[in-house]
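The sequence and the structure are shown first.

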Amino acid sequence: MAEAASMLEIRDLNVFYGHSHALQGVNLTLESGVLSVVGRNGMGKTTLCQAIMGLVSASSGSIRLAGRALNGLSPTDVARMGIGYVPQGRRLWPTLSVDEHLKLVEKRGMNWSIDRVYSTFPRLAERRDNLGSQLSGGEQQMLAISRALLLNPKLLVMDEPTEGLAPVIVQQLEDMLSRLGRDGGVDVLVIEQNIGVACAVAEKVAIMVNGRINRIMESSRLSNDRAVQQALLGVGRHAHDSAPETPRAVAGDVAEAGSDGIRRIYMSNPKTPTRWSRPVPVEVIEGSARTSTADSGPQRMETPLRHAAKSHEDAILVVGTFDTKGRELNYIGEILKNRGLMVRMVDISTSGKPSGADVPPHEVAAFHPRGTSGVFTGDRGSAVLGMTEAFLRWIISRDSIAGAISAGGSGATAMVCPGLRTLDPGIPKLVVSTVASGDVQKYVGESDITIMNAVADIQGLNSITSGILANGAHAIAGMVAGRMERPRDAIDRKALGITMFGVTTPLVRQVSQALETHYDVLVFHATGTGGRAMEDLMDRGRLSGILDLTTTEICDMVAGGVFPADDTRFDAAIRSGLPYIGACGALDMVNFGPPESMPDHYRGRLLYPHNPQVTLMRTNAGECAKIGRWIGEKLNQMNGPTVFLIPEGGVSQLSAPGQPFHDPTADAALFESLEETVRQTSARRLIRSPHNINDPEFASLVLNCFHELHASPARATGA
């Protein structure tokens with residue numbers, strides 16, 4: 001007769017968070033009954049639970065439940081196979097009652113029923129009508145355990161079930177776990193830092209050190225072995241006790257020797273930790289490991305760690321600081337889940353507090369170039385800057401995101417927006433923020449982030465915030481649903497970027513109409529952000545070329561207008577090496593607000609009221625010379641085919657002969673400055689035209705240059 005398979009068998013399991021090797025060849029077997037796993041903070045215990053449940057992906061190794069492989073299954077499928085999960089942080093619905101929680105998961109006619117739960121936890125029966133947010137920590141843990149038991153699982157996985165509970169509640173949970181082990185029917189894997197509880201509920205205890213199972217001991221031996229507790233767990237002695245020398249056998253277990261003779265020796269903490277110590281991230285432990293070499297053999301280059309964890313495709317990210325805004329962010333998440341959407345809660349808190357989010361702060365922080373040590377610095381300012389960079393790198397690593405929403409104040413908005421700006425245009429992204437009624441350009445940049453004013457501070461749910469947060473949640477849900485339902489764009493043409501201003505619209509319209517049959521023509525309003533948006537798409541590889549016909553943003557940068565470029569303008573074209581066609585479009589004007597907003601030193605200049613909110617100032621000869629030099633120096637850095645066109649008949653509608661900004665002297669200063677600065681070659685040319693920039697003849701010149709630089713299908717058909 002074949003031997004019965006173990007309830008849980010894990011072999012050579014490896015899990016990475018970014019470059020952090022969280023689980024390093026874990027081997028663990030639970031035949032039946034209860035098995036406890038203990039270890040210091042940051043040793044990989046929670047990651048082990050999440051790997052079993054399919055919440056993180058394993059890069060290698062196997063996980064089997066009663067002989068059946070779990071690798072690659074979704075958390076839903078893992079649960080259906082017979083594993084109940086009690087996560088760290090409980091993760092209850094704050095707006096559902098105890099009874100509603102239990103009715104959601106109860107299976108009629110099974111061993112565990114709601115009545116049995118209430119008899120096991122009489123306190124829950126007393127609180128059956130209370131909401132999840134109205135329960136104490138102990139009551140919440142009882143409810144989380146009951147919810148898992150009502151699935152009638154074969155295996156119950158419990159992550160830190162006694163964390164933060166009063167001693168009397170800990171004793172109740174200990175008694176319940178002991179009964180489960182005695183009664184049979186449900187096997188239990190308990191992840192626990194409380195050595196007393198871990199040893200009391202299980203006959204054997206596995207000890208995790210640096211992402212590995214260091215040893216499995218009889219619980220009676222571990223409870224009495226103060227030396228092992230001190231060396232591997234940092235407990236068992238008081239701070240005033242003199243620490244004994246580390247036993248030789250234990251030290252040998254902590255140090256690792258590779259096949260090349262190099263031994264890595266880990267120091268998990270600079271001082272002896274206790275169960276109340278803050279977590280020490282795995283990458284910090286790895287980074288601080290010292291090495292000793294048995295011989296001076298040839299060194300070997302280590303294989304770079306690869307990012308093995310796949311993103312949850314088509315999920316909406318709910319991002320924010322859950323340590324201060326957890327209730328509000330969970331409220332958004334519940335609305336989205338109730339609409340049937342996949343949701344991923346991402347915590348970017350910097351306080352170091354425990355998190356119940358799907359993606360906890362340490363997982364995001366691991367993407368910082370210096371790992372979590374670059375985020376959890378103890379200084380709020382540097383921690384916020386570190387998490388901002390870490391979140392940006394984390395979100396770039398995701399394969400597919402349906403949308404993203406955040407809610408918070410200025411700090412959270414500043415942390416989230418740089419990462420959201422990296423998402424492609426069209427992916428819904430919404431931020432509910434207390435800064436939304438002010439100048440949001442520094443947050444939104446050139447992206448399509450939707451920013452919604454919170455009106456009241458996001459501090460609790462009340463008659464104002466609950467409605468606005470709900471609006472935000474339904475808005476992002478609608479955007480995501482609409483994007484999913486919308487037919488995929490069938491356009492298979494190459495995309496081109498063209499810059500335009502109101503005073504160059506006739507030119508852009510002529511060029512666009514001639515090219516749009518064979519190209520996907522994207523027109524960008526040259527208002528500072530427009531130029532940056534176009535160049536951002538070029539950096540993303542979304543454009544095959546640009547016709548930068550309206551370079552007016554340089555005027556505002558030089559003269560202090562309201563639509564300025566920055567000093568990175570043209571850099572995407574320089575980096576890409578793609579064909580570049582530019583022109584002097586609207587280099588005759590600087591943009592300001594209403595007339596009363598004009599700077600005093602410009603009061604005597606030639607002004608033109610474009611509309612009640614925009615006043616145009618004519619650039620003079622000195623400014624035009626500076627503009628020409630700045631553009632010319634950028635053109636000199638371009639290595640791809642480059643043409644820059646000079647319309648001698650006027651650079652906009654307003655500078656044509658007889659128009660308000662007609663100024664041949666200023667135009668001549670611009671053109672001469674360009675010719676003096678640009679180092680012309682066969683691949684980098686300035687071309688003068690006697691026409692105004694909006695004349696049909698100038699549009700024909702643009703198109704001829706385009707066909708010359710591009711292998712253009714339009715040229716073959718005579719377009």
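This is a predicted model: local features need pLDDT of at least 70, side-chain atom pairs count only at pLDDT 80 or more; totals for chains, interfaces and linings use all residues.

Residues are numbered from 1 along each chain as its sequence is written, and side-chain values use heavy atoms, with hydrogens and water left out.

**The chain overall**

- The chain contains 26 helices and 27 strands; helices (H or I, at least four residues) and strands (E, at least two) are DSSP runs, numbered from the N terminus.
- Of the 719 residues in the chain, 53% are buried; buried means under 20% relative accessible area, exposed over 50%, and partly exposed in between, with a 1.4 Å probe and protein chains only.
- Among the contacts in the chain with a separation of 6 or more, 69% are between residues 24 or more positions apart; contact means heavy atoms within 4.5 Å.

- Strand β24 is joined to β25 (residues 614-618) by four bridges, and the two run antiparallel.
- Y608 has L616 of β25 as its bridge partner.

**The parallel sheet of six strands**

- A second open sheet, with parallel pairing, has the strand order β20-β19-β21-β22-β26-β27.
- At the edges stand β20 (519-525) and β27 (684-689); each has a single partner strand, so one side of each is left without a neighbour in the sheet.
- From one strand to the next, the twist averages 20°.
- Strands β22 (residues 580-583) and β26 (residues 642-647) run parallel and are joined by four bridges.
- The bridge partner of G582 in β26 is F644.
- Helix α23 (residues 621-635) lies across β22, β26 and β27 and runs at about 160° to β26; axes are lines fitted to C-alpha atoms, for helices over the stretch in contact, and angles run from 0 to 180 degrees between N-to-C directions.
- Helix α24 (residues 664-677) also packs on the sheet, where it touches β26 and β27, and its direction makes about 155° with that of β27.

**Helix α3 with helix α6**

- Two packed helices are described by the angle between their axes and the distance between the axes.
- The axes of α3 (residues 98-105) and α6 (residues 137-149) cross at roughly 20° and come within 9 Å.
- These helices are therefore roughly parallel to each other; angles under 35 degrees count as roughly parallel, over 145 as roughly antiparallel, 65 to 115 as roughly perpendicular and the rest as oblique.
- The α3 and α6 crossing is right-handed; a crossing is right-handed if the near helix is turned clockwise from the far one by less than a right angle, and left-handed if anticlockwise.
- V98, H101, L102 and V105 of α3 make the contact with L143, S146 and R147 of α6.
- By class, the residues of this contact are four nonpolar, two polar and one charged; Ala, Val, Leu, Ile, Met, Phe, Trp, Tyr, Cys and Pro count as nonpolar, Asp, Glu, Lys and Arg as charged, and the others, Gly among them, as polar.

**Helix α13 with helix α18**

- Helices α13 (residues 322-338) and α18 (residues 465-485) have their axes 9 Å apart and pack at an angle of about 45°, which makes α13 oblique to α18.
- Their crossing is right-handed.
- On the α13 side the contact involves E328, Y331, I332, I335 and L336, and on the α18 side S466, L469, A470, A473, H474, I476 and A477.
- The contact of α13 with α18 comprises nine nonpolar, two polar and one charged residues.

**Loop residues**

- S97 lies in the loop between β6 (83-86) and α3, and it counts as buried at 8% relative accessibility.
- Leaving aside residues up to four places away in sequence, S97 touches R128, D129, N130 and L131.
- Most residues other than glycine have a negative phi.
- A66, although not a glycine, has a positive phi of about 50°; A66 is in the loop between β4 (60-65) and β5 (68-69) and counts as partly exposed at 35% relative accessibility.
- E160 likewise has a positive phi, near 50°; E160 is in the loop between β7 (155-159) and α7 (167-183) and counts as buried at 5% relative accessibility.

Technical notes. Two strands pair if DSSP finds at least two bridges between them.
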